[in-house]
Amino acid sequence: MAERLLEYFARAKELGGILAVTKLAMISKISSPRAKGLPDSPENVKVLEDALAQLRRELGK
Amino acid sequence: MRLGPKIISSFMGFIVMFGAVSTAATSIILDRRMQREVETSEVAFARSLATRLFKVVKDKEVPTITDTLLDELALRPEKLEYLLVLDATGHRLAHTFVSPIPERLSSVNGPFDAVGYRVERLRGDSINAVDVSVPVLEGISPIGSVHVGIRGEYLEAIKHDLVRMTLVATGAMGILAFLVALWLTRRIVLPIRQLTEVANRLSAGILDVQLPGLKSKDEIQELEGSLESVLAAVSTLMAELGQQTPIAGVPDVENAHRLGADVVPEGRNG
């Protein structure tokens, strides 16, 4: 299912709470409800991984 | 006015203006070119005729002059209206008219200026021609004049043909422009309309929307990308807020602040 994808949202929440989760969705253009229905395909994982990396840079963490 | 009609009317307006300007320009250019054409080729023809007729004009051999004029007229009947030869006093020696000579032609006799020829537009009830006249010279003394009448209809037909062609080309361009405008409208307006519908649904609080998935690789696709980001952010935020459950025993106002809602406490309203 979308366990790996949802992990990225969980990690974002750890980084900066709801705002960080929202920002991750904004960067990746994938909402957390939508992520639940998406497969853990390499493409989707890469999108969220890149988005999380960008989020980390923006938050300085 | 909506975007589609705006694009189409702009294109059509441009084409109509372009057509009007190019038709007017064609007409003006043709007038000048034809004037030059008359002044160069027909003056040369009249001079050549005057040189050939010099001896017979001097001897006033009317039948010979008439034969020559008729022969010349037969060579270019579509272009030449008449040929006329006058003597030094302005009396007609020979001509190619089969009907009475138009009255307007009696005024075309007169002295020649330094350029040695005259070009005069004759337009009346019975004549529509450009009269090109040159003197028949004996040394430097004029002993008569040769008049070449070019059909006005011939010159006008050339002009009308070219103006008509310009108008046809403009019409074809207009149809093409209309089709291009329609195509552009479909390419630009349709995606914008789809994105507007999505934005309208979002503004109405409906988050369950489907983006059109444009592949245009332009600003409109960028707009869709931005809309997609906003939609993802709002959906995530709503989902996250939905997960936050009010804590039992904590006042509603505090719970509201926890969830980030902008709530005015009861009792402060009014």
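Predicted model: local features only at pLDDT ≥ 70, side-chain atom pairs only at ≥ 80, totals over all residues.

**The chain contact and its surroundings**

Reply: A:Lys29 is buried, since 20 other C-beta atoms lie within 10 Å, and 20 is the number from which a residue counts as buried. This residue sits in the loop that joins H1 and helix H2 (32–37) of chain A. Its phi is positive, about 65°, although A:Lys29 is not a glycine. In general, most residues other than glycine have a negative phi.

Helix H1 (residues 3–28) of chain A and helix H4 (residues 219–243) of chain B have axes that come within 7 Å and cross at roughly 150°. An angle over 145 degrees counts as roughly antiparallel, and H1(A) and H4(B) are therefore roughly antiparallel to each other. Their crossing is right-handed.

On the side of H1(A), the residues that meet H4(B) are A:Ile18, A:Val21, A:Thr22, A:Ala25 and A:Met26. H4(B) contributes B:Ser229, B:Ala232, B:Ala233, B:Thr236, B:Leu237 and B:Glu240. Sorted by class, this helix pair brings together seven nonpolar, three polar and one charged residues.

For the contact between the chains as a whole, chain A supplies 11 residues and chain B supplies 10 residues. The side of chain B that touches chain A consists of four nonpolar, four polar and two charged residues.

B:Lys217 lies between helix H3 (152–203) and H4 of chain B, and its phi is near 55°, a positive value in a residue other than glycine. B:Lys217 counts as exposed because it has 8 C-beta neighbours inside 10 Å, and the limit for an exposed residue is 12 or fewer.

From the N terminus on, the elements of chain B follow the order α-α-β-β-β-β-β-α-α-α. Of the 270 residues in chain B, 19% are buried. Among contacts in chain B with a separation of 6 or more, 57% join residues 24 or more positions apart.

The strands of chain B make an open sheet of five, in the order S2-S1-S5-S4-S3, with antiparallel pairing. Strand S2 (92–95) and strand S3 (118–123) of chain B stand at the edges, and each has a single partner strand, so one side of each is left without a neighbour in the sheet. Neighbouring strands are turned by 25° against each other on average, with direction ignored.

Within this sheet, strand S1 (residues 80–87) and strand S5 (residues 141–151) of chain B form an antiparallel pair over seven bridges.

Helix H1 (residues 3–58) of chain B packs on it and touches S1, S2, S3, strand S4 (128–138) and S5 of chain B. The direction of this helix makes about 45° with that of S4(B). Helix H2 (residues 62–75) of chain B lies across S1 and S2 of chain B and runs at about 35° to S2(B).

Terms used: Residues numbered from 1 in each chain as written. Chains lettered and ligands numbered in written order. Axes fitted to C-alpha atoms, helices over the stretch in contact; angles between N-to-C directions. Helix = DSSP H or I, 4+ residues; strand = E, 2+ residues; numbered from the N terminus. Parallel < 35°, antiparallel > 145°, perpendicular 65-115°, else oblique. Left-handed = near helix turned anticlockwise from the far one by under 90°. Contact = placed C-beta atoms within 7 Å. Nonpolar A, V, L, I, M, F, W, Y, C, P; charged D, E, K, R; others polar. Pairing = 2+ DSSP bridges.
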